[in-house]
Amino acid sequence: MKGTIGRIRKAGAALAVAALVTVAGCSLNEGGGDSAGGSNEGSGEQAGGATLRIGTTTDMENFNPLQSLSKTDSWILNATYPTLLRIDENAQKVPELAEEYTTEDDGRTVVFHLRDDFEWTDGTPVTANDVAFTAQAIMDYQLGNVAAKLTWVTGIEVRDDQTVAFSLSEPYAPFAEGVGFWMRIVPEHIFSQAGDLSQFANDGDWVGAGAYVLESATKGQRYTLKANENYPYAPEGGAAVETVEYVVYPDVNTMILALRNGDIDLMGTPVPISAVASLEGEDAIEIETVDSLGFAHLTYNVQNPVLADQTVRQALSMVVDTESIIETILQGDGQQMVGPISPIFAEYDNTSLEPYPFDPAGARTLLEGAGYTDGNGDGMFDDLSFEMVCDQSNANLTRVGEVVRDSAAEAGIQIELACIERNTFLSRTRGGEYDIDLSQWGVFDNPMDQLRSTYLSSNPGGINYNLVADPELDALVNDAAVTADPAQFVEKIKGIDAYVHDQALLTPLYVENFRFAYRGDRFTGFDPSPSDLLGMVTGYSLSQVTTVD
Amino acid sequence: MLRYAASRLFRAILTIWIAVTVTFFLLRLLPADPTLLVVEGDMTPKMQDALRSQYGLDKPILQQYGLYLGQLVQGNLGVSFRQLVPVTELLLDRLPWTLLLAGSAFVLTLLIGIPLGVYAAVGRGGPVDRAVQFFGITSNALFIPSVAILLLVVFGSNLGWFPIGQAIDPDTRGLAAYGSLLHHLALPLFSLVLVQLGPYALTLRTNMAEVLGEDYITSARSRGLTPRRVVWRHALRNAVLPALMLMGLQLGTLIGGAVLTETVFAYPGVGRLIFESVQQLDFPVLQGAFVILAVTVVLANLLTDLLSMALNPRIRT
């Protein structure tokens, strides 16, 4: 007769065994937990080529490349499915699947000329039909952010296997760049069999044509991609990295430890500024600095009657010390900006603009001159009290908010800082519930799309956070959009840059540099593109990597 | 006895229904809209409406609730907003890992906690007792993510004894795969046990100390039974009951701890799925995960109740 303890121990042991068996029964690497596309016959051995492991903070959510995606989804699917153009290290669009594009009919027709040596991994050639099918599917189902880029399309014509022409309702200068960069081309012979593409999960048997094609996915753990030997931009003799593995580390500190330990070779997510110094001290680890395609900014809600006054916005611009913000908060790792166009687009950036000086006393004088008064003598103007919202998960911006609040107080402007939980923040910015929006744009691939999305009163992209409806600005933007002549187009963009700067619709804060850390003792030769969406992990960049012996 | 069991069962179902309902409405009270999180910029209002109706969020909330309950009783947890696959599939992928982690933490806590509590109670005021009390209070105050990072730095990075993150090396087969599983399990398990153990050992110590003062123990001693037999057979049987109840109640905390542990250790369980789904406001996944967790906790409590009933004749009548 055993006692109570014996019974409890027995029950406990049974529970543990049951749990172990459940796990064992489900996977233990026998393929049960994998939604593997390719066969898993290789029992772990690598056929010569190197394996590069990349850390990411989130799992893949969506495997359908036609839909809008998280960052991890984009990294993996951008490598798997080719785009017509890619962005190089200078933020210029360069050929990928398309050799070039031309325009006809005063810009009303845009023609992509494709390479003839791209092939899907099942051996089918990539043709103009795939491009036409992809665009048509996106328009039919209104999928992802590409649907907005295809707004102007009235017809798609496949002229031959390598030529596809888009007819537009009116000329739109950056049409080819936007569609070329954002639209991932999918194989018609697979996706046309998939039924409703807005519901298509595409979670197995992937057929791609990019540099690396997804082969197996183990949710919550890792995603394995294999080099596509037919990728035309791979170096002579094929890419040195044959296998790319994405490993999920939800906590960035754990990921840093994994890199130091050699469990991963590259952090896909940028290194937080606070961790840069400690990683720089490690011999085995290299840090690469990459530009940004977005920027941090204060954007003023002009639906607020006080902020509708240009003088107030200019005064606010004078209380923001961008130089010292970059020096202290970013540790010098950022660039200053004047108008709304980032210096990364060197061609379009209006360099003749003068930044607003940092001068809180001057701002106070300016406001007094405009008739604002301090009735109760507390040092603060009576009507100048604003709420500034920001996303508390962005540590840099939270600190910027505090700095700006303090220097605004010197000028007699009261700012109430509301740095809130991310989802709540997004919901408030979308709803226009703020006076000042302190945030960071992610990726603008070209200035024209940026200006349309942020300043047109029709608010086509839903991100006119100024909520500005200025007929003059509308006219300037619409006029530039239909300008086919490149030189005139650049001049018009510069003109808008100057107009917005003078209006002080926003106060640009900085263009942040991203730092990516990798095992320099194992790999070298990344060819990064700007932004954390592209960074080190584009298919092209990974295909150029070589191993260090 | 049957009536007791039936009333417990009814209470269990009621608890699950309440948990389901609260989760459903709580999520919809959030100030953010899941359709807004899908794209950054460039989303026309038309696309947003289409998405909202695809998610079923355009219907009146009571109708959504009715539909959801209807699905739920048929065992259908719905389809994930973001991943377009059935929630059941997502959960089944992850659940074994959480069961393994939380289950083994539960067992290990019992196996270590009982002797610790007993020895502390028997040698009250002695070095073991003082150590257990100190450890118990400290462990109660530990914050899982800090413990986890500390363990990772010391045993993973500096000493290199354990792998950093993940649950298994996918390239291992057979026996090596089990080895890899245990190797990866060690640190997350240790950190969960570390925070659970203290309160458990302390409770057991207090109960045990009380029981050891009872008359029947004195009489057992006077009958000349060995102290060993008195402690382990007679006293523990009564002291372990409240501690067992505590353990059942603490299962909720254990699973809450698993969310944090899984996130820091990159362990692919349900806890991490919850963490990710909160950020994406993936309502169906969150609802599904909470239903599963509620059912697990309720079942465990039901089992504890029935077990105590079996162990304690006083409840049986």
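In the hairpin formed by β8(A) and β9(A), in which three residues lie between the strands, A:G220 adopts a positive phi near 85 degrees. Strands here are DSSP runs of E with at least two residues, helices are runs of H or I with at least four residues, and both are numbered from the N terminus. The model is a predicted one, in which local features need pLDDT of at least 70 and side-chain atom pairs count only at pLDDT 80 or more, while totals for chains, interfaces and linings use all residues. Residues are numbered from 1 along each chain as its sequence is written, and chains are lettered from A and ligands numbered from 1 in the order in which they are written.

An open sheet of four strands is formed in chain A in the order β4-β5-β7-β6, with antiparallel pairing. Its edge strands, each pairing on one side only, are β4 (98–104) and β6 (153–160) of chain A, and neighbouring strands of the sheet are turned against each other by 20 degrees on average, direction ignored. Between β4(A) and strand β5 (residues 109–114) of chain A, which run antiparallel, there are six bridges, and A:E100 is set opposite A:H113 of β5(A). Helix α3 (residues 128–141) of chain A lies across β5, β6 and β7 (163–168) of chain A and runs at about 165 degrees to β6(A), whereas helix α5 (residues 175–182) of chain A lies across β4, β5 and β7 of chain A at about 150 degrees to β4(A). These angles run from 0 to 180 degrees between N-to-C directions, the axes being lines fitted to C-alpha atoms, for helices over the stretch in contact.

Strand β17 (residues 436–440) of chain A is mostly covered, with four of its five residues buried. It pairs with strand β13 (residues 296–300) of chain A in the antiparallel sense over five bridges, where A:L298 stands opposite A:L438, and with strand β15 (residues 385–391) of chain A in the parallel sense over two bridges, where A:V389 stands opposite A:D437.

Chain B is divided into domain 1 (1–74) and domain 2 (87–311), bounds that come from an automatic or database domain assignment. The C-alpha centres of the two domains of chain B lie 31 Å apart, and their contact (C-beta atoms, placed from the backbone, within 7 Å) takes 15 residues from domain 1 and 14 residues from domain 2.

Among the spans of chain B that an unreviewed UniProt entry lists as "transmembrane region" are residues 97–122 and 285–307. Residues 97–122 of chain B are 100% helix, with end C-alpha atoms 38 Å apart, and residues 285–307 of chain B are likewise 100% helix, with end C-alpha atoms 32 Å apart. UniProt positions follow the numbering used here, feature names are shortened, and annotations may be inferred rather than shown by experiment.

Note on methods
Contact = placed C-beta atoms within 7 Å. Buried ≥ 20, exposed ≤ 12 C-beta atoms within 10 Å, placed from the backbone. Pairing = 2+ DSSP bridges.
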